[in-house]
Each structure stands twice: as structure tokens, then as C-alpha cells.
Amino acid sequence: MLKLVVCIKQVPLVSELPWDSRTGTLRRELAEGMINPACKHALEAALQLKQKHGGEIAVFTMGPPMAEEVLHEAQAMGTDRGILLTDRLMAGADTSITAFTLAKAILKECPDFDLVLCGCYTSDSETAQVGPQLVEELDVPGAANVHHIELIGKTLRMKRISDNFIETLEMELPGLVTITTQEFQPRYVPLKGLQDAFEGSDITRIGADDLGLDMGKLGTTASPTKILNVYSPTAKKKNIVLKGSAKKVVEELFDRFEDKIGGAIRKDLKVEKKYNE
Amino acid sequence: MSENNRSIWVFGDYRNYFQNRVTLQLLSRAIELADKISASVCAVVMGHDVDEYVGEYIAHGAQKVYVIEHPQLKNYSIETYSYLMERLARIYKPEIIFVGATMFGREFAPRVAKKLGTGLTADCIGLDINEDGLLVQIAPSFGGNLLAEIITPESRPQMATVRPGTFQEIPHDYNAVGEVIRIPLPEDLPEDRVRLISTERWRKKGQRIEDARVVVCGGRGMGSKKKYKKLFELSQLLGGIIGATRPVVYAKWVDEESLVGQAGKHIRPKVLFSFGISGAIQHTAGIGDAGFIIAINKNINATMMKMADVAIVADANQFCTALTRELKKRIRS
């Protein structure tokens, strides 16, 4: 039976979130969350594989207790079980330690996986690093930014666009792919399905103890990168403000900056007679 | 390792050489930083028939180039290249490794960092050395209008990826002299578990947004997909290219190709029109080199409005219509 693992992340719905100035990390517990868009495409890719070949989909997420929501939503889409990694000790992990922790959990809960699917990046940090680093942790073949997959026996054929090339790749499973948002349009989940999933979900919660890991291996403490400082970038422009009706402002814009705009588009924008209504 | 053996490495990413200048841009920044920690600047090149690039990197300031050349390395391969990079880094122990944030680099760097058990910061928009001699990696962070300064205090090397267009390359000097260290392909190189079946050029149509003199960017403030389409007419009148923010791409108002920002394109137009964009750092990270910014937003307090040369307080959609009408008149006359 095909054993599929999908790693997903809950990301904030709103882009402006408070952060903890002491630890320099985002206070995710205050955010309303959703499944990261690319992760949703990864879920859809797994669901399509399951429809075609049969099998079972286990979904992993790491985050605060509220991240459990995304596991329910994934089950409403059609996945089989959810594993929530949540522990204060896991908080503030950088990509390297996130990949390490996820790998430990996958190897504990689903050691005989065939394929791990991740979103190609998250909308809140966009590093695109966890997928490739999970490849290293699991020591399997892997490919990032894949938009097409086809399973032939134990061989996975993949397509991706990489720096102006379309590559067709193959690897033997077990393996890992990160999925882009180009294809695998996620299926719609009706509200009813969502409600049912919240009632009947199969969710396992895992903490540091369950993985046999202590503080020295997890979260902020273990992360090789440290955040020194977080700040708002400052503006340095002259910043001329124009206000009024659209028509009036357009006129003023041309009065003052027609040379600038005309120069950029290499056209003469002067009018002989002043434009009047 | 003694002080005077310190080195900063730049991964030689030569695929699409003529469009992709990121390696040269990183060499330029590496030279400035190397001065502060008395390090040498080295490029690492893997591939087949790569002498041309080795020469270019020396002409652009690399003092040393490590070269692994073999027909087997003809095509870019994540597994093989990251394996070799790890090996080289373990032998020569660089202080810092920079990798261009191309599609390949963004997959290659995290794999190398993981193999070496070190940290990595993605998409740095600034790099510096602090008073402790540590690399300060400045990167957009936390899904908001924030920048983070990140360090890797313990593990080595310190690693960062940087988007093309973030730094300026220095002019080439073909009289420059550099040391070339050739390293044979290891005999115990493991077989690549990911097989490249075929590769073909992916041709994008038309002008590249990175080269456009005028870019018209639109955000959620345009109101709807239908209204967003008005920007295309305006952009065409201006001979420009359309750009977009992440939410607009997610909403499928426009293709991902148009995404401008940290995860998208870095643009450097003479004039940038920014319609209904709040200015999250994920977007503004890609427009740092824009010459003249005209922002249109109802909210005068939007970050984008503060970054602009001209901040127009108006409904983005209405202003677009008025501007298009006026331009048509002026271009005709």
C-alpha cells in the first residue's frame, strides 16, 4: 500500500502580526491561521496519487496547539490521519531544526513512507528551505519545485521548471518532492465536510518527550541561526504627497513630472495647450 | 585554521550566464566583506568546459577558484553538486559561503547547509560584518513589514542566499590574476539518485520584467481581477511590464511570472507605478533599485506610500482610468 506523507504549515491569514521583541520570533498564537497555499497544492497532489493508486495519507504539521486546525481541514479534503508536533521546546526553530524535528516525527510515525510531499515554500517566510533540508534528514532522493508527478511502479517521474529549463526527472521511492502552485489546484472543501472532520478526525499529538528529544536538540536553542534584531525598514525618499480627485491628481502629476515619466518611456508627453475640462 | 587562511566562498552558478549575473554580484559584495575580516575571496565551479567562467570570476575579483571539472558534471545536479560542495567545505573550511538565489541555488544551499550542520539565511537583501567579525544576514521576515538581522554564531560556514540584482557587480578586469585549484572528481562519488531524463529550454515570451524601464505593479487595492486588467492597457501605453504582489498572484488575477518581491522578480525600472499596494517587505524587497516610484493608495500610511517619490492619495482603480485617458491624449498629440 502506498504510504504518503504530507508536511503542511499553518500560516497567518493576516500579514501584520505582532512579534515578540524579546525572542525575535512571530507570536503565531495570536494569528488566525490557514493552510499555507503551496501546502494545499501538495495535499492535492497526494490525494490524486491516492485516488489513482490507493494508499494512505498521513499529514504532519508543527506549530502551536491551534495548528491542529489545519490537520482537520486536510482530513476534510480526504487525508487519513494527522500528526501535530507541538511543544514549547519546539518553538522558534529555524529551517534546519524544523526539518530535523519533522524528520524525527516522520520516522517515528510513518517509518515505511513511500513519498513525502511538501509545499515549495510558505507564504509567511518564503525560505523554501525546509523541503530540501528534510530530504537530507531522511536521506532519500528528492526534488524541489515540482509541478507534475507520475508514479510508475516504484519510480516517480517529475517535471519542474528550473532557471529557464524544463526538467524531467526520475527517482526511485522512497523520496521527497516539494510542489509548486502551478498545478494541483486544491479541491474545494464544503463547510459540512469541514465540520465532520473536526468531529471525527484522527489526530496524534507529539511532544519533545515522544521523540526522545530535549531542549538542546530543539527550537531556538538548537537552531544554528540566531535572530539579532528585527526592525522596520525606513524610508529615505523625498515623498511628495498628491491629493484630490483622480483627474486633478493626474494633471498635477504630469505638470510636475512629465519629463521624468516621458524620459522613462522615451516619449514626449508635453501638450501645447493646457488641458482643460 | 590560522587567521590568514580565512576565506569567503561564492558558488559559481553559471547556468544562463548572460542573464544570470548573481555570481558576479556576490563576488563584488564578498570582496568588500573580505576586507573587514582579512579573508580571501574564492569561487567554486563545478561542471564541464567551465574555463570560460573560471576566467570571468577571476576578472570579477575572485582571488582563488576551486574547480571540479568532469564530463559527468555536465548537467546541474542537486545531489552531486551538494555532495561535492560539502566535501570541499570540509577540507578548506571557508568562513562564509554565498549562493545566488536562483531556482537551483535555493535548493542547493539548504542541502549543503544541512550536510554541514550549519545555518542558512534565505534571500538576504543586505550582508555585513559586525564588530565580532560575524556575518550579519539581513533578510525580510515574518510576513510583515520587517527586516531581521540574523547571525550564525557557532557553526561554520556562515551561509546565505541572495537574489539576483541585490548587489552590483564590479567591472571586469581581464588583467586580474587568480589562483586556480583543480580538484579531481572523487572516485567514490555516489551515484545520483535523481536521474535527469530530459531538459529543454523554457522560453518565456516578450520582454523580461527585470529589464523593463517601466513597471506597473498592482496589488489587492485594485479591487478585482476585472479592474486589475485595466493595468495592462496602462502598462502597454507606457511600454512597460506588469508586476504583482503575492496576494494578487494567489487570487489568480495574474500569473506567478509577474510576482515582484522576495520570492519573485527583482526589478530596477526607471519609473515604477505601484497601484493599491500596501508594501509588505516580501514585495518591497524586490523594488529596492527602482529609480522613481509613484504609489497610488487610499491609505496615506501604507508603507508603499512612504517609500514613494510621489505618493498619490486616491483610489487605485479610478486613478488608473484617469491616467490612462490622459496618457492616450498626450501620446497622440
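This briefing describes the sheets, helices, domains and chain contacts of a predicted model. Chain B is assigned two domains, domain 1 spanning 3–182 and domain 2 spanning 209–332, while chain A holds seven helices and 15 strands.

**The seven-stranded sheet of chain B**

- Seven strands of chain B form an open sheet with parallel pairing, and their order across the sheet is β5-β9-β4-β1-β2-β3-β10.
- The edges of this sheet are β5 (120–121) and β10 (179–182) of chain B, each of which pairs on one side only.
- Strands of a sheet pair through backbone hydrogen bonds, and the pairing may be either parallel or antiparallel.

**Helices that lie on the sheet**

- Helix α1 of chain B, made of residues 22–36, lies across β1 (7–11), β2 (40–47), β4 (96–100) and β9 of chain B, and runs at about 170° to β1(B).
- Helix α2 of chain B, made of residues 51–59, packs on the sheet and touches β2, β3 (64–69) and β10 of chain B, with a direction that makes about 170° with that of β3(B).

- In strand β8 of chain B (residues 146–151), six of the six residues are buried, so that the strand is mostly covered.
- The cover extends to both faces of β8(B), with L146(B), A148(B) and I150(B) buried on one side and L147(B), E149(B) and I151(B) buried on the other.
- Strand β7 of chain B (residues 135–141) runs antiparallel to β8(B) and is joined to β8(B) by five bridges, and A139(B) stands opposite A148(B).
- Strand β14 of chain A (residues 226–231) also runs antiparallel to β8(B), again with five bridges, and here N229(A) stands opposite E149(B).

**The two domains of chain B**

- The centres of domain 1 and domain 2 of chain B, taken over C-alpha atoms, are separated by 33 Å.
- Where these domains of chain B touch, 11 residues of domain 1 are in contact with 12 residues of domain 2, and the residues on the domain 1 side divide into five nonpolar, four polar and two charged.

**Chain A as a whole**

- Of the 277 residues in chain A, 49% are buried.
- Among the contacts in chain A with a separation of 6 or more, 70% are between residues 24 or more positions apart.

Key: Residues numbered from 1 in each chain as written. Chains lettered and ligands numbered in written order. Predicted model: local features only at pLDDT ≥ 70, side-chain atom pairs only at ≥ 80, totals over all residues. Pairing = 2+ DSSP bridges. Helix = DSSP H or I, 4+ residues; strand = E, 2+ residues; numbered from the N terminus. Contact = placed C-beta atoms within 7 Å. Axes fitted to C-alpha atoms, helices over the stretch in contact; angles between N-to-C directions. Buried ≥ 20, exposed ≤ 12 C-beta atoms within 10 Å, placed from the backbone. Domains from an automatic or database assignment. Nonpolar A, V, L, I, M, F, W, Y, C, P; charged D, E, K, R; others polar.
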